Amino acid sequence: MLKTSIVILAALALNTLSELHAEPRAPYQAAGIPAEVKVDARWNFYRDYAQATGLLKQIAAAHPEICRLESLGTSYGGREMWVLTISNQAKGDEATERAKPAMWIDGGIHANEIQAVDVVLYTAWYLTESYGKNQFVTDLVDERVFYLMPMMSPDSRDAHMYSPNTTNTPRGGQRPVDDDRDGRFDEDPADDLDGDGSITQMRKHDRLGRWKPNADYPQLMERADADEPGGYRLLGSEGIDNDGDGQVNEDDAGYYDPNRDWPWQWQPGYVQGGAYRYPFSVAENRMVGEFVMDHPNIAGGQSYHNTGGLILRGPGSKSDRWPADDIRVFDQIAERGVQMLPGYRYINTADELYEVWGGETDWLYAMQGIFAYTNELNTPFNLFRKADEGGGFFASDEDRKLFDEALLLGDGFVEWHEVDHPQYGKVEIGGFKKNWGRQPPSFLLEEECHRNMAFTLWHADQMPQAEIVAATAEKLPGGLTQITATLLNRKLTPTRSTFNVQKGLTRPDLVSIGVGEIAADGEVVAALVSDEPEFLKARDIRQNPHEVRIDKLDSYTPLYVRWLVTGDGPWKITLDSIKGGRAKATATLE
């Protein structure tokens, strides 16, 4: 009995030792997160240009079979304009064939809207790390192409992070501009009077002033009622009159708006504030424009901005009118987005927000035939997720102050403190810091990234996918054979927008039959196109019947093409859609 006990104890000891030296078990995997990642990335902080570049290089190096990283050139400040291409090259060479529908995704055209960059980086990371593990992602990367440009304005991204700014600056680029037209450039920027990196507000004690501290949050200022004293004057953003013209902070780092620089419906500065010299006068935009024009297979677009919790579609100008068929497509895709993004609203830019002339996503749609959205990231709803919150760009100051006290533990506000000012004398400065407000705090960043990425992947999945679902051959009298092909697009987005068809932005879809390649003695005698399989109402194709041109394939709306041919076959049928991809089928006689 003693010997048996010793044997059992020895076995238990060996088991314990083997467990100690065994490979560690994988941790419990949270749903929605890729397992066993090659690039271990965190998503609760904001990366500067160098860190974002490093992450892109890591992703591309870790996944060479599906990634290609390239630079379109350098920005005004000498920074590379990175584009990461993600697609399974083994299932269609994107670089030479351009035969798969593609999705363009960008962020940070307004560089102070910093989480826009991180959403694009997160999308690149999630796609690559989930490939081969998540079936939905794997199918997307196999069947689609993703072109991702995280940093549209890389110079101003670093300027926002490392120079004194508010949460709203710099919105434009870094090229010098004479904002106040005094012959000098960028000579009167905001000044960080206390050296804390944030540009806050200035106030001054004044018994005749019309501003007073808020009763509940005395750090906040509010206008006094008409029948009560105030006690303070508000002096605007932190800064001094650097050029002695009596104005403070009126000529900051070059102001022009990169999202007022695109050719469609462009207007000069006296109509559209922020417009630069002429369309594509911002070189960074021109690089992007040339890339997009060189990739006509791009069928979907997503540009990330902030703030307000919005999914925006055009048109940006009230004078612009888009076809109802196309708006219906926008509506159907965005309907899912509203479900996926709590607190977000889907609206039309010109009629429900404000007019934009020369906006990027309008150009993508109206000149490149791309169904594109702008997402305004971050919503007031995320502060306390109250049912009645939302509908504005920012939460109320009161809610922001409560959020700062309750959830940021005071880290989001600079308490009022006294400094010497060369023009105003003793003043107090304080207010919300630059690192939150338009952008979410760290603990909300990853959720914002993931939800918006998921919406964009849904959009990418709904890009057109042209198919030949059937190809039949039937022998007829007189030595003729009847070939019938059934074409279908199972996605919400048509192979060409109605606006594209009307304006001829891209060539029509082509359906061809390859008689000459396979049966040299055969020829195409006639061709018909119909929207019903009986061909009771058909369009006769008299010119080049071997290559039928069709306007588009709408969602789940089959189209039928029929040829009368001579020869013995088999007959190779090819469907070639610039934005809907390519499909092939072979028809043979039984």
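Which residue lies over the face of Trp 458? Arg 336 does, at 3.9 Å from the ring centre, and the legends below return to this pair after a tour of the predicted model. Local features need pLDDT of at least 70, side-chain atom pairs count only at pLDDT 80 or more, and totals for chains, interfaces and linings use all residues of this predicted model. Residues are numbered from 1 along each chain as its sequence is written, and side-chain values use heavy atoms, with hydrogens and water left out.

**View 1. The protein chain as a whole.** Welcome to the overview: the C-alpha atoms fill a box of roughly 105 × 100 × 45 Å along the principal axes. The secondary structure consists of 15 helices and 23 strands, where helices (H or I, at least four residues) and strands (E, at least two) are DSSP runs numbered from the N terminus. Of the 590 residues, 54% are buried; buried means under 20% relative accessible area, exposed over 50%, and partly exposed in between (1.4 Å probe, protein chains only).

**View 2. Ile 86 and the largest nonpolar core.** A nonpolar core is a set of buried Ala, Val, Leu, Ile, Met, Phe, Trp, Tyr and Cys residues joined through side-chain atoms within 4.5 Å. The largest one here has 84 residues, and Ile 86, Trp 104 and Phe 146 touch the most other members. Helix α4 (residues 115–130) gives the largest share of this core, 10 residues. Setting aside neighbours within four places in sequence, Ile 86 is in contact with residues including Ile 66, Ala 124, Leu 127, Val 141, Phe 146 and Leu 148. Another core lies apart from this one, with 25 residues, among them Ala 485, Val 511, Leu 575 and Ala 587.

**View 3. His 63 in its loop.** Look for His 63 in the loop between α2 (49–62) and β1 (67–74). Its relative accessible area is 3%, so His 63 is buried. Beyond its neighbours within four places in sequence, His 63 is in contact with Lys 38, Thr 128 and Glu 129.

**View 4. Helix α10 and its surroundings.** Helix α10 (residues 360–368) is largely enclosed by the rest of the structure, because 8 of its 9 residues are buried. Those buried residues are Glu 360, Thr 361, Asp 362, Trp 363, Leu 364, Tyr 365, Ala 366 and Gln 368. They pack against β3 (102–107), α7 (283–293), β9 (298–306), α8 (324–340), β12 (371–377) and α14 (498–503). Just after α10, Gly 369 takes a positive phi of about 70°.

View 5. Side chains of opposite charge can pair when their charged atoms come close. With a salt bridge taken as a side-chain nitrogen of Lys or Arg within 4 Å of a carboxyl oxygen of Asp or Glu, the count comes to 30. Arg 157 and Asp 118 form one of them (3.1 Å, N to O). This pair links distant parts of the chain, with Arg 157 in helix α6 (residues 154–162) and Asp 118 in helix α4, 39 residues apart. Arg 157 counts as buried at 2% relative accessibility, and Asp 118 is buried at 0%.

In helix α13 (residues 442–461), Glu 447 and Arg 451 sit 4 residues apart, about one turn of the helix. Their closest N and O atoms are 2.9 Å apart in a salt bridge. Glu 447 is partly exposed at 28% relative accessible area, and Arg 451 is partly exposed at 31%.

**View 6. A salt-bridge network.** Glu 113, Arg 171, Asp 257, Arg 260 and Arg 438 are linked by salt bridges into a network. Within it, the side chains of Arg 260 and Asp 257 meet at 3.6 Å, N to O, and both residues are buried.

View 7. Rings of Phe, Tyr and Trp (its six-membered ring) pair if their centres lie within 6.5 Å; planes under 30 degrees apart count as stacked, over 60 as edge-to-face and the rest as tilted. There are 24 aromatic pairs by this rule. Ring pairs join Trp 264, Trp 322, Phe 330, Tyr 365, Phe 371, Tyr 373, Phe 455 and Phe 499 into a cluster. A charge sits over a ring if NZ of Lys or CZ of Arg is within 6 Å of the ring centre and within 35 degrees of the ring normal. Here we meet Arg 336 over Trp 458 again, at 3.9 Å from the ring centre, while Lys 401 lies over the face of Phe 413 at 4.7 Å.

Conventions: Contact means heavy atoms within 4.5 Å.
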